[in-house]
Structures are given as C-alpha cells and as structure tokens.
Amino acid sequence: MRNHFFKSLTPSHSPARTTPSHSPARSTPSRSSAPTTPSHALSESLMEENIDVAEILITKWDHATSSYADITPLFQEDRYEAKQYLKAVKDLQTAMKYFGSEQMKSRHLVRAQNLMQTAMKRLQREFHRILSENRAHLDPESISNRSSRDSGLTGNSDLEDESEDDLRFANEDVTEEERISRSVIADLKSIAEGMISAGYSKECVKIYTVTRKSIVEEGLYNLGVAKTSYHHVHRMEWEVLEVKIKNWLNAVKIAVKNFFEPEKFLCDEVFSISDMIRESVFSEITKESALTLFGFPEMAVKSKKTPEKIFLILNLYEVIFDLLPEIESMFSCESTSSIRSLIDHSLTKIAESIRSMLVDFESHIQKDSSKTPVPSGGVHPLTRYVMNYISFLSDYSGILPGIVADWPLMLHSPLPESFFGGNDSEENPLTIRLAWIILVLLSKLDSKAELYHDAPLSYIFLANNLKYIVVKARTSNLTFLLGDEWIESHEAKVKQYASSYQRMGWSRVFLSLPENPTADISPERARKHFHDFNIAFEEAYRHQASWIVTDSKLREHIKISLGKKLGTLYGEFYLKYRSRLENLYGCDSEVRFAPDDLGNYLSDLLHGDGNLGGSVSSSSSLSSSPYHFHGGRRSG
C-alpha cells in the first residue's frame, strides 16, 4: 500500500542530486579532451561497478516492481541485507559525485540518479514503517531507560558496528525491551544518515516530525493539557481552576521527564549527523506542545485570588523553578528561544501574583476588626490562621527569598533586633517579611487583649497566643528562618506574661497572708489571716475555673510556679498556727485548707470548662471562621 510520503522525489540543490546542465542525449565526446589515463580508467571502472552492484540490490528491494519487496521489510532481525543496502547507497553516492565531474559520462550519472531516487523511496518507506510499527519500543519509558544508561550510539551507524554493540550490550544488564529499543534507534539513525548524506534530508525530516509530533501531542492530551485562552480560564470558578492547576502540576513533570526529555534524546540519536537538523526536528516536534503547556500558568495567576490560594500558586512557581535547568538545557537552541522566553515571563507573572497575595494577607491581618474576646483567654482564630499560613510559607524557603528579594518593606523605622535570629537571618528577605507579619499580628493581639475587662485573663490570653506562635515557629521551618534567638526571646516573653497573670490573678490571696509567715502574731490576728485567705482563695478559684492555658507545658509551668510560691508561704503559716488555733477555737478556727488541698485545687485550674473557649471550641469555631483555610504541602 503506497503512502503519501513515497511520492516521486524531486531533485534538490544538493550536489549528490544535481543533474548536469547539459542534456545527455546531446552529449558528444570533446575532441580537445585529454587522453584517458590508466588510473582514470580504473577509477571509472570501479565507479561503474559500484552502480552495477547497487542496481542489483536496489532493484531487488524496489517495492514498485517486486511483490516480495512490497510485503517484506528490508530491516529485519538479520540486518545483513540492510547493511549491504546502505553500503550500496553510499557507494552509489560516491559514483554520482565522480560522474558529476565527468561530463563525458553523464549517462552514468543519470542512471545513478534514477537508482538513488528508487533507493530513497525504499528508505523512506522503511523509515516510516519502523517509526509506525515500533511506537511501543520508542515510548517515553523505553527511551528514558536508554538515555539514562548510555550516551547513545557513536561513530558510523550503517549497522557496521552492530556486532560490537551486541557484544557490549550483552555485558550490560539490559532488558529485552531495551535491547529492541536500541536496535530500532540504530536502524532509524542509519537510514537518516543515509538519506541526509544523499541530499534527502527534507523527506526524512518530514516523515519523522509528522510521526513523532503526533505522539507528543497525543501524550499531552492524555495528560489533560489542551489549548485554552485567558478569557476561558478567567471565567472559571475557583474550584474548577484549582483542579486544572493541580492537574497541570502533575502533567508538567510527566511532560518534561517522559515526553520532551526522551524526545530530545531520540532526536539527538537519530539525527546525530547534523546539529542543525536535530535541533530543527526537536523544535518542530515539541515547540507547539511546549508553548501550550507552559502558557497555562500565566493565565491561571491572572484571575483574582484570595490570600489562601497562594500555596497552589507557589506550587506552580516551584515546579517550573525546579524543572528550569532541564527545560533550558532541552530548549537551548535559537529555534526554541520563544519557549524559554515564555517560561521566564511566566515566572515573573507568578512572582508578581504571589507578592500581591502577600500584600492582601498582611492587609487582612491589619484590618481585622473582631471585637468579641475569645472565651477563657484561649488562642485567637486570627493567631492560628496567621501562624498556620506563614509556617506553610516557610516550606517554600527555597523559592520565596528570590520572589520577595526585590520587594523591600516600606517601614518608618527598622524592626526590633529581637525579631531576627542572629547570624545572617536579617539578610534573608523572607525572614524580614515573616518577622514583620508576626509583629503585625502581635500588635493586633495587644489590642484584642484590651477587650478583656479582667487584667489577669488578658495576660492569660497574651501568654496563650504568644506560646502558640513560639511553638508553631519551633516545630516548622520557621525555626530555621527566625533562628534560636528569636524563639528564646519570645519564650521569655511568654513567661513574663505568665508571671503577670500570677501576680495580678493571685495578689489578693498572697496579700491575705502575713509577709513573714513565721512571725509571732496574736491568735486572733492569725485567725483573721486564715479567714481572709479562705475567701480570697475560693474567689480566685471560682473566678478562674473556666480559664484555659492551651499549652500543657506552659500550664504545668504556671501551676508549679504558683504552687511553689503559695505552698511555701501558706505551708509555713499553716504549720505555725494550725494546732494553736484549733486548740483555742475548735471548729471555728478558720483553718479550712491543708497545704496538700491547695495543690489539688490548683491542679484543676486552667483546663477550661469544655463548653467555653477550650482547645476543642477554638478548633471548631475555626472551621467556620473567616480565618480558616487549607494550607500548602503539609497538613495543618
């Protein structure tokens, strides 16, 4: 069955395909020509013999005149005949060059040209057949395995070194699939070199590009990559666009690794004879698909997005950034410069979108106007939201510094030194940006603490929220950005808030006892101290019963510190006066608490009510609050 690729060939301007300007029918010997020398006669005889030998093989495999040749592949398991055929083509080309300079023998040139056209038709047919019938052996996985194992075939590929290759491959741990793939590539390479050397590069390239381009386009289509427009993307609902972006993130890795990269390797192998041709072929096969693939991110980031969408956009930037060395290496020639330009432009636009969302995020914090105090002094939803957000941002510390590097903060005064973790932290633009966001958050929390009319509870609130910030920083990549000094200084601030809570929340209890618990005082005065202590302790206990310290370590620190101070003071006073007062007043002695009782009561405090502002209610309210979002690559 004839294929459209195998139409009659029109001679090009290649020397090997050039017909002399004179007509062979009108050619006559020149009387002034020099006598034929013995060496000249020998060369002519050898060239004529080359044509005779070539004619036998080319005629044998002319599918237009032989039914055997029409149904039998030239390149079979035994490559001997194919090797002889390619050698005959090369010898025929040598004869054409020889007779092309010998005008007296132009009839030999015409004969050779006719044979060459017949041979090229056969090689085109074989080239197309091998490409079409061996798609499975030229699939991305087979080529990827091949390219990762060796640097390709070298030297002549007219199947002259086939036995050497077989011997070399026999010593390697290669699969049968890889062996077939190597053999197929070797066949394609030998045919391409034969056709290009004979001046039939256009025909060879056309067959190859049409076949391989359709494979690449089909592969991207199966990955869900198709041409689209900005207006189409802009009209998409975010849920639809989000699915498209996630699909693209998966598709681009496969496209680069399993389609473009193997296709580049295959082009380099098959057309290794010419750098210009292999670059042109690769560009023709992949350029349109690559422009479609890499044009999507810019369209995706142009749509309006809330700050919570930043992580998916960061993933877009990151995957392109990570693939950039391979992309620039593959598309390095001038004919694919538009692909490189598109990718550079996309990265610029994605970075602008990320900076815009960071601005919106900071503005969202500063504009927060909620006036309802968090029950029990727990962690504010804004704190959870901001710290989850920036801890996710810290996961992108490999790319974000470059994105924010040329985007300085416009501050009226420098950030406090405590907001940098020492060393070179303040030189990192991402550190500066995140430290500033935390400072904005802390300023907002200070104003929210004023919503509590109870000063001790406001300090519980500040301690809870700052502790959450510190823990979040310590247990995420923020610790590497902010540094140990930052964490330690803010941990110390947490303890200051805890101390303020103890001092103000239990001041009446401490004041109800004498400054010197072992000093001698009258029984009546001692009895009055016990009475005042009972009232103050019970009032403080009832008042703080619903308060919560969300971090267990901080809660234990407060209880131990408070228990030690109160237990020491009350214990000494209790030991000195308990027996005396009970002897004097009996049941009316006012000694109601033993030192151990105080410890038991204190152990019940700061767990929250469970129905008011504990960690459970905080997390449940978060899911319905404006601060809730799904983060980046980590669950949170």
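Let me begin with an aromatic cluster. In this predicted model, one such cluster is formed by Trp506, Phe530, Phe533, Phe537, Tyr541, Tyr570, Phe573, Tyr574, Tyr577, Phe593 and Tyr601. The count of aromatic pairs comes to 29. A pair of aromatic rings is described by the distance of the centres and the angle of the planes. I shall take two pairs in those terms.

One of them joins phenylalanine 530 and tyrosine 570, in an edge-to-face arrangement with 6.0 Å from centre to centre and 85 degrees between the planes. Where in the chain do phenylalanine 530 and tyrosine 570 lie? Phenylalanine 530 belongs to helix H21, residues 523-543, and tyrosine 570 to helix H22, residues 552-585; the pair therefore links distant parts of the chain, 40 residues apart. Both phenylalanine 530 and tyrosine 570 are buried.

The other pair is made by phenylalanine 537 and tyrosine 601. This pair is edge-to-face as well, at 6.0 Å centre to centre, with 80 degrees between the planes. Phenylalanine 537 is in helix H21 and tyrosine 601 is in helix H23, residues 595-603, so this pair ties together parts 64 residues apart in sequence. Are these two residues buried or exposed? Phenylalanine 537 counts as buried, because its relative accessibility is 1%, under the 20% limit for that class. Tyrosine 601 has a relative accessible area of 34% and is partly exposed.Helix H21 also contains proline 523. With a relative accessible area of 26%, proline 523 is partly exposed. Which residues does proline 523 contact, leaving aside its neighbours within four places in sequence? They are Arg580, Leu581, Leu584 and Tyr585.

From H23 we may move on to the loop that runs between H23 and helix H24, residues 615-623, where leucine 606 is located. Leucine 606 is not a glycine, yet its phi is positive, at about 65 degrees. The relative accessible area of leucine 606 is 2%, so this residue is buried.

A second residue of this kind is serine 376. Its phi is positive, at about 70 degrees, and serine 376 is not a glycine either. Serine 376 sits in the loop between helix H13, residues 337-366, and helix H14, residues 381-394. Is serine 376 buried or exposed? Serine 376 is buried, because its relative accessible area is 8%.

Let me now turn to the chain as a whole. The protein chain has 24 helices and zero strands. Of its 636 residues, 49% are buried. The chain exposes about 31,300 Å², and carbon and sulfur atoms supply 51% of that area. Among contacts with a separation of 6 or more, 84% are between residues 24 or more positions apart.

In soluble globular proteins, nonpolar side chains tend to be buried together. For this model, the largest nonpolar core has 177 residues, and those with the most contacts inside it are Phe127, Phe260, Phe271 and Phe294. Which helix gives the largest share of this core? That helix is H10, residues 238-270, with 15 residues in the core.

Phenylalanine 260 deserves a separate word. Its neighbours within four places in sequence are again left aside, and its contacts are then Val216, Leu220, Ala255, Phe282, Thr286, Ser289, Ala290, Leu293, Phe294, Met330 and Phe331. Phe294, one of these partners, is also among the core residues with the most contacts.

Next comes histidine 490, which is placed in helix H19, residues 484-505. Histidine 490 counts as buried, because its relative accessibility is 7%. What does the side chain of histidine 490 meet in the way of polar groups? A polar atom of this side chain lies 2.8 Å from the backbone oxygen of tryptophan 486. The side chain of histidine 490 also makes a polar contact, at 3.2 Å, with the side chain of serine 489.

Finally, there are charged residues over aromatic rings. Arginine 433 lies over the face of tryptophan 407, at 3.6 Å from the ring centre. Lysine 302 lies over the face of tyrosine 230, and here the distance from the ring centre is 5.3 Å.

Key:
Residues are numbered from 1 along each chain as its sequence is written. Side-chain values use heavy atoms; hydrogens and water are left out. Helices (H or I, at least four residues) and strands (E, at least two) are DSSP runs, numbered from the N terminus. Buried means under 20% relative accessible area, exposed over 50%, partly exposed in between (1.4 Å probe, protein chains only). Contact means heavy atoms within 4.5 Å. Accessible areas come from the Shrake-Rupley method with a 1.4 Å probe; for residues, only the protein chains shown count as cover. A nonpolar core is a set of buried Ala, Val, Leu, Ile, Met, Phe, Trp, Tyr and Cys residues joined through side-chain atoms within 4.5 Å. A polar contact is a pair of N or O atoms within 3.5 Å; within protein, one must be able to donate a hydrogen and the other to accept it, and residues adjacent in sequence count only if both atoms are side-chain atoms. Rings of Phe, Tyr and Trp (its six-membered ring) pair if their centres lie within 6.5 Å; planes under 30 degrees apart count as stacked, over 60 as edge-to-face and the rest as tilted. A charge sits over a ring if NZ of Lys or CZ of Arg is within 6 Å of the ring centre and within 35 degrees of the ring normal.
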